[in-house]
Amino acid sequence: VIQQMIDSQKAGTAFSLDPASGLPNVVAIDANHFLGESVVGGLVTPDNYLVTNDEKLIVKTLGPKALKVIRNPEGSGSIIVKTTDEEAFSWVLTDEQCREIARMVRAVHNHYGMAMDTEFAIDKDGTIYLVQARPETKHNEQARKHPGTIPMKRKEVPDTVAKEARKIISGDGVSIGAVTGKVFYVEEITP
């Protein structure tokens, strides 16, 4: 199969649940300007939107979006460039684009009967394309093992590491996750 590359002006990911918490009945959208590689590859903190199944936009978080991935103007492939100030400090998606992406993702979710992880692209004419869809792995497995439960805590640090570690802080994080390693204090960051 050969597919035409969409000359996207906006792109990102959309999950048929909140991937951080497993909250169902919402579509979680992350978006940046131009190609979606900056979002999928974790190069930026994208704009984030949560849209309920009844199409209420309940969360809009403006990400700093310092970089974007664009088609290479001198040939094939793509390149990473800085976003303009206007791009960095403006919303990538309109409210209506969020709702349309959410409708599309819910249709894929309903078709497959499970939580889905999708990618979208929007061309210069404003046409929205779903360019990829796959089952969301973490929460589908959780739902299969423990239906109706959203886990809020889980063991993420191996026992061997935990025995040697010194806990310096604890609490409930914004999303599930734990890390280990050296901590560095940075007094100043200069460009």
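1. **Ground rules.** This is a predicted model, in which local features need pLDDT of at least 70, side-chain atom pairs count only at pLDDT 80 or more, and totals for chains, interfaces and linings use all residues. Residues are numbered from 1 along each chain as its sequence is written, and side-chain values use heavy atoms, with hydrogens and water left out.

2. **The overall layout.** The protein chain comes to five helices and eight strands; helices (H or I, at least four residues) and strands (E, at least two) are DSSP runs, numbered from the N terminus. Reading from the N terminus, the order is β-β-α-β-β-β-β-α-α-β-β-α-α. Of its 191 residues, 32% count as buried, where buried means under 20% relative accessible area, exposed over 50% and partly exposed in between (1.4 Å probe, protein chains only).

3. **Back to Thr 83.** At 12% relative accessibility, Thr 83 counts as buried. Thr 83 and Lys 68 are 15 residues apart in sequence, yet their C-alpha atoms are 5.8 Å apart in space.

4. Strand β5 (residues 67–71) runs antiparallel to β6, joined by five bridges; two strands pair if DSSP finds at least two bridges between them. Val 69 stands opposite Ile 80 in β6. The two strands make a hairpin with six residues between them, and Gly 75 in the turn has a positive phi of about 160 degrees.

5. **β3 and its neighbours.** Strand β3 (residues 47–52) is mostly covered, with five of its six residues buried. Strand β2 (residues 26–33) pairs with β3 in the antiparallel sense over six bridges, and here Ala 31 is opposite Asp 47. Strand β4 (residues 57–61) also pairs with β3 in the antiparallel sense, over four bridges, and Asn 48 has Thr 61 in β4 as its bridge partner. β3 and β4 form a hairpin with four residues between them, where Glu 55 in the turn has a positive phi of about 70 degrees.

6. **An aromatic pair.** How many aromatic pairs does a search of the whole structure find? The search finds one. The ring centres of Tyr 49 and Trp 91 are 5.9 Å apart and the planes are at 50 degrees, so this pair is tilted. For reference, rings of Phe, Tyr and Trp (its six-membered ring) pair if their centres lie within 6.5 Å; planes under 30 degrees apart count as stacked, over 60 as edge-to-face and the rest as tilted. Tyr 49 lies in strand β3 and Trp 91 in the loop between α2 (85–88) and α3 (95–112), so the pair ties together parts that are 42 residues apart in sequence.

7. **Two partners, and a lysine.** Tyr 49 is buried, with a relative accessible area of 0%, whereas Trp 91 counts as partly exposed at 36% relative accessibility. Trp 91 has another contact: the charged end of Lys 60 sits over its ring, 4.6 Å from the centre. That label applies if NZ of Lys or CZ of Arg is within 6 Å of the ring centre and within 35 degrees of the ring normal.
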